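Please look over the model below.

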Amino acid sequence: QVQLVESGGDLVQAGGSLRLSCAASGNIFRIDDMGWYRQAPGKQRELVATITSNSITNYADSVKGRFTISRDNAKNTMYLQMNSLKPEDTAVYYCNAFIRRRDYMRGMNYWGQGTQVTVSS
């Protein structure tokens, strides 16, 4: 079994910073692409940022220059450093990863349970 657990969500004032973490655990052989997504109330889930296994990154236009995605492969952990936060960044942030298990090498997509980020104006 594999689990993704996010942490770091909080209530913060506009202009502030937060760092989200996503830790993967279980019968992991390798983690390929990872990413952060978010879903605001009444809206569809949207891509925030992705990172490949060799740390090539991609960002949504709305967060470029403010957010930084990174990962520590030795710890099976991904991070999202969020600076200059805006009220429109308020959402539940979800971690996603394509993981190959030792007993299922084809791999599959996994999601975390989400962590709430609220930015007050």
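A disulfide joins Cys22 to Cys95, with the sulfur atoms 1.8 Å apart. The term covers a pair of cysteine sulfur atoms within 2.5 Å. The structure holds one such link. The angle about its S-S bond is -60°, and the link of Cys22 and Cys95 is left-handed. Cys22 lies in strand E3 and Cys95 in strand E9 (residues 91–101), so the pair ties together parts that are 73 residues apart in sequence. Strands here are DSSP runs labelled E, of at least two residues, while helices are H or I runs of at least four; both are numbered from the N terminus. Cys22 is buried, at a relative accessible area of 0%. Cys95 is buried too, at 0%. Buried means under 20% relative accessible area, exposed means over 50%, and partly exposed lies in between, using a 1.4 Å probe and protein chains only.

This is a predicted model: local features need pLDDT of at least 70, side-chain atom pairs count only at pLDDT 80 or more, and totals for chains, interfaces and linings use all residues. Residues are numbered from 1 along each chain as its sequence is written, and side-chain values use heavy atoms, leaving out hydrogens and water.

**Strands around E3**

Which strands pair with E3? E1 and E3 run antiparallel and are joined by six bridges. E3 and strand E8 (residues 77–82) also pair in the antiparallel sense, over six bridges. Two strands count as paired if DSSP finds at least two bridges between them. The table gives some partners.

| Residue | Partner |
|---|---|
| Ala23 | Thr77 in E8 |

In a regular strand the side chains alternate between the two faces of the sheet. Strand E1 (residues 2–7) has a covered face of Val2, Leu4 and Glu6. Its uncovered face holds Gln3, Val5 and Ser7.

Ser21 is found in strand E3 (residues 18–26). Ser21 is buried, at 18% relative accessibility. Not counting residues up to four places away in sequence, Ser21 touches Val5, Glu6, Ser7, Trp36, Met78 and Tyr79. Contact means heavy atoms within 4.5 Å.

**The core**

In soluble globular proteins, nonpolar side chains tend to be buried together. The largest nonpolar core here has 32 residues. Such a core is a set of buried Ala, Val, Leu, Ile, Met, Phe, Trp, Tyr and Cys residues joined through side-chain atoms within 4.5 Å. Which residues have the most contacts inside this core? They are Trp36, Leu80, Met82, Tyr93 and Ile99. The elements that give two or more residues to the core are E1, E3, E4, strand E5 (46–51), strand E7 (67–72), E8, E9 and strand E11 (115–120). E9 gives the largest share, five residues.

Take Met82. Leaving aside neighbours within four places in sequence, Met82 is in contact with Gly16, Ser17, Leu18, Leu20, Arg66, Phe67, Tyr93 and Val117.

**Aromatic rings**

A search of the whole structure finds one aromatic pair. The rings of Tyr37 and Trp111 have centres 5.1 Å apart and planes at 65°, so the pair is edge-to-face. Rings of Phe, Tyr and Trp (its six-membered ring) pair if their centres lie within 6.5 Å; planes under 30 degrees apart count as stacked, over 60 as edge-to-face and the rest as tilted. Tyr37 is partly exposed, at 21% relative accessible area. Trp111 is also partly exposed, at 40%.

Two arginines sit over rings. Arg19 lies over the face of Tyr79, at 4.0 Å from the ring centre. Arg45 lies over the face of Tyr94, at 3.7 Å from the ring centre. The test asks for NZ of Lys or CZ of Arg within 6 Å of the ring centre and within 35 degrees of the ring normal.

**Loops**

Gly112 lies in the loop between E10 and E11. Is Gly112 buried or exposed? Gly112 is buried, at 11% relative accessible area. Leaving aside neighbours within four places in sequence, Gly112 is in contact with Leu4, Glu6, Tyr94 and Cys95.

Most residues other than glycine have a negative phi. Asn76, not a glycine, has a positive phi of about 50°. Asn76 is in the loop between E7 and E8. Ser84, not a glycine either, has a positive phi of about 50°. Ser84 is in the loop between E8 and E9.
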